[in-house]
Amino acid sequence: MDKITESLGQLNPHILSDKKIWSVGGGKGGVGKSLMAANTAISLAQKGHKVVAIDLDLGGANLHTCLGVGVPSKTLSDYITGKILDLNELVVPTPIPNLGLISGAQDELGMANLRNMQKNKLLAALNKLNAEYIILDLGAGTTHNTLDFFIAANKGLLVVLPEPTSIENTYRFIKSVFFRRLKVIEDFLEIQPLIQQAMNSRPQGQMFLPSDLVKKVTELNPALGQKLQTEISKFKFYLIMNQVRTPQDVEIGNSIKNVAKKYFGVDIYYIGHLEYDASVWQSIKRRKPVTIEYPNSPLVISFKKIVAKLMDGPMENYGNQKLL
Ligand SMILES: Nc1ncnc2c1ncn2[C@@H]1O[C@H](COP(=O)(O)OP(=O)(O)OP(=O)(O)O)[C@@H](O)[C@H]1O
Ligand SMILES: [Mg+2]
């Protein structure tokens, strides 16, 4: 194993692992990340895969409710504080066969201030989890912790609502992920001076778009620029438009995909959309996952389609979405 792979593996455990780690993020609060994480995990488990869902919403843990589980007595806090040494001991069963849950810490202070070392230890421990699929449910925002959890996965799912605030936050989130990943890559490719030189070349007062930065680095040093581009494109974003009501809502996902490519040089796979469905809050109220309560609803059928596509190999065919 080369130095870069080994080093990146500290932050991106999937590189060293045969596990499939999918993270669910998206910048804005209340867009349906936990709903997506819970029902993705359930769909995978129903297909017979061994799945562990992990609530990494620091301070706002509620994945257990989406999965129909009461507040678990053991949470990630017990691992962070060293009370429990094996992450497997934190996995509590759910009503769904094959699906276990690691609940998030309830105490905001303990987890929100998770130090780098603790975070890396936690991410490295994912490799030892007794599971084929690991689903990470993240909190809102772009804190370093959230970004690092997001990029620790081999597939990053972005949940977006067709509303200006959610779209704005999505761009901010993509940009933050880009720069966070760039930081990791530049450390391990040892190209900080080159990045700095590229940054310094920007005209005063002008914003530097991620795509401009990579272009500039490539101009200065084509070989390293190419390596940088390769590393950047290794991380895959998968976009899901949630709560769509009209064909225009579905179309917004295509625009986000195009803008991300143009301004960030980032490829996004627009993997599908979820209809607005009033039964969601009814099922949440009853603490029963919608996939279990309404298995034949259009929403659940859409969930299953998205999961099937995510399990598939190449995603190039899933570029554009239309409301069917
Ligand atoms: N497709 C949908 N149809 C109807 N309601 C939905 C849909 N998706 C999400 N909701 C509603 O949005 C609420 C928020 O969803 P959820 O808790 O999954 O968001 P979140 O992104 O995880 O929020 P947070 O950032 O607070 O963790 C749900 O309780 C549900 O009522
Ligand atoms: Mg949530």
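The following legends describe close-up views of a predicted model.

**View 1. The residues around ligand 1.** The shell around ligand 1 holds 20 residues, and those that come nearest are Gly29, Gly32, Lys33, Ser34 and Leu35. At least two residues of this shell are supplied by each of helix α2 (33-46), strand β7 (237-244) and helix α13 (279-285). By residue class, the shell around ligand 1 is made up of 9 nonpolar, 8 polar and 3 charged residues.

**View 2. The largest nonpolar core and Ala53.** This core comprises 85 residues, within which Ala53, Ile135, Leu239 and Ile240 have the most contacts. Its largest share, 8 residues, comes from α2, the helix that also supplies at least two residues of the shell around ligand 1. When residues up to four places away in sequence are not counted, Ala53 touches Ala37, Ala38, Ala41, Leu63, Leu67, Leu99, Leu101, Ile135 and Asp137.

View 3. In soluble globular proteins, nonpolar side chains tend to be buried together.

View 4. Thr291 is placed in helix α14, which spans residues 290-293. Because 24 other C-beta atoms lie within 10 Å, Thr291 is classed as buried, the cut-off for this being 20 or more. Its contacts, leaving aside neighbours within four places in sequence, are with Asn39, Ile42, Ser43, Val300 and Phe303. Between Thr291 and Val280, which are 11 residues apart in sequence, the distance in space is 9.6 Å from C-alpha to C-alpha.

Conventions
Residues numbered from 1 in each chain as written. Chains lettered and ligands numbered in written order. Predicted model: local features only at pLDDT ≥ 70, side-chain atom pairs only at ≥ 80, totals over all residues. Near = placed C-beta within 6 Å. Helix = DSSP H or I, 4+ residues; strand = E, 2+ residues; numbered from the N terminus. Nonpolar A, V, L, I, M, F, W, Y, C, P; charged D, E, K, R; others polar. Core = buried A, V, L, I, M, F, W, Y, C linked by C-beta atoms within 7 Å. Buried ≥ 20, exposed ≤ 12 C-beta atoms within 10 Å, placed from the backbone. Contact = placed C-beta atoms within 7 Å.
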